[in-house]
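The model is shown below.

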Amino acid sequence: MEKEKIKKFTDLNAWKEGHKIVLMIYKTTKDFPKDEMFGLVSQLRRCAVSVTSNIAEGFSRQSYKEKINFYSMALGSLTELQNQCLIARDVGYISQDKFMEIANQSVVVHKLINGLIRFSKTIIHNT
């Protein structure tokens, strides 16, 4: 099977899987208490969006050094999201099952972003 050429950021598996987390977070936080709208809801949504936004921005950068920087920021946002999900679970806003669903998806995204970083580093070292 021939590999599809990646032409836009939405072709990246890291972005596709990250987008799934964005949708999960938006659906999950819809049911949070209204007094959390500017607290945990806002934080969780901002982090999730930041993951895919940094992947997209990294994709558009010309130098692999810049790409690595944005992909690394995506990892940072993903880790921040994982932390906030732990908080949401521990205060009772999300169930253990929903937490595990998001956590498992975040592991998938983490691995894919790490792959982008490794690939970018390989390109740098081979030039």
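Axes here are lines fitted to C-alpha atoms, for helices over the stretch in contact, and angles between N-to-C directions run from 0 to 180 degrees. Please keep in mind that this is a predicted model.

**Helix 4 and its partners**

With that in hand, look at helix 1 (residues 13–29) and helix 4: their axes come within 9 Å and cross at roughly 155°. Angles over 145 degrees count as roughly antiparallel, and helix 1 and helix 4 are therefore roughly antiparallel to each other. The crossing of helix 1 past helix 4 is left-handed. On the helix 1 side, the residues in contact include Ala-14, Ile-21, Met-24 and Ile-25, while helix 4 contributes, among them, Ile-102, Val-109, Leu-112 and Leu-116. Sorted by class, this contact has 10 nonpolar, five polar and four charged residues.

Helix 3 (residues 64–90) also meets helix 4, with axes that come within 9 Å and cross at roughly 165°. That makes helix 3 roughly antiparallel to helix 4. Helix 3 likewise passes helix 4 in a left-handed crossing. The residues of this contact divide into 17 nonpolar, seven polar and four charged.

**A serine in helix 4**

Is Ser-120 buried or exposed? Ser-120 lies in helix 4 (residues 96–125) and, at 1% relative accessibility, counts as buried, since the cut-off for buried is under 20%. Setting aside neighbours within four places in sequence, Ser-120 is in contact with Tyr-64, Lys-67, Ile-68 and Tyr-71.

**Aromatic pairs**

How many aromatic pairs does the structure hold? There are three, and two of them are compared here.

| Pair | Centre to centre | Angle between planes | Arrangement |
|---|---|---|---|
| Phe-32 and Tyr-93 | 5.2 Å | 50° | tilted |
| Tyr-64 and Phe-119 | 6.4 Å | 70° | edge-to-face |

Phe-32 sits in the loop between helix 1 and helix 2 (40–60), and Tyr-93 in the loop between helix 3 and helix 4, so their pair ties together parts that are 61 residues apart in sequence. Phe-32 counts as buried at 4% relative accessibility, whereas Tyr-93 is partly exposed, with a relative accessible area of 28%.

Tyr-64 belongs to helix 3 and Phe-119 to helix 4, so this pair ties together parts that are 55 residues apart in sequence. Tyr-64 is partly exposed, with a relative accessible area of 29%, and Phe-119 counts as partly exposed at 49% relative accessibility. Tyr-64 is also one of the residues in contact with Ser-120.

Note on methods. Residues numbered from 1 in each chain as written. Predicted model: local features only at pLDDT ≥ 70, side-chain atom pairs only at ≥ 80, totals over all residues. Heavy atoms only, no water. Helix = DSSP H or I, 4+ residues; strand = E, 2+ residues; numbered from the N terminus. Buried < 20%, exposed > 50% of the residue type's maximum accessible area, 1.4 Å probe, protein only. Contact = heavy atoms within 4.5 Å. Parallel < 35°, antiparallel > 145°, perpendicular 65-115°, else oblique. Left-handed = near helix turned anticlockwise from the far one by under 90°. Nonpolar A, V, L, I, M, F, W, Y, C, P; charged D, E, K, R; others polar. Phe/Tyr/Trp six-rings, centres within 6.5 Å; stacked < 30°, edge-to-face > 60°.
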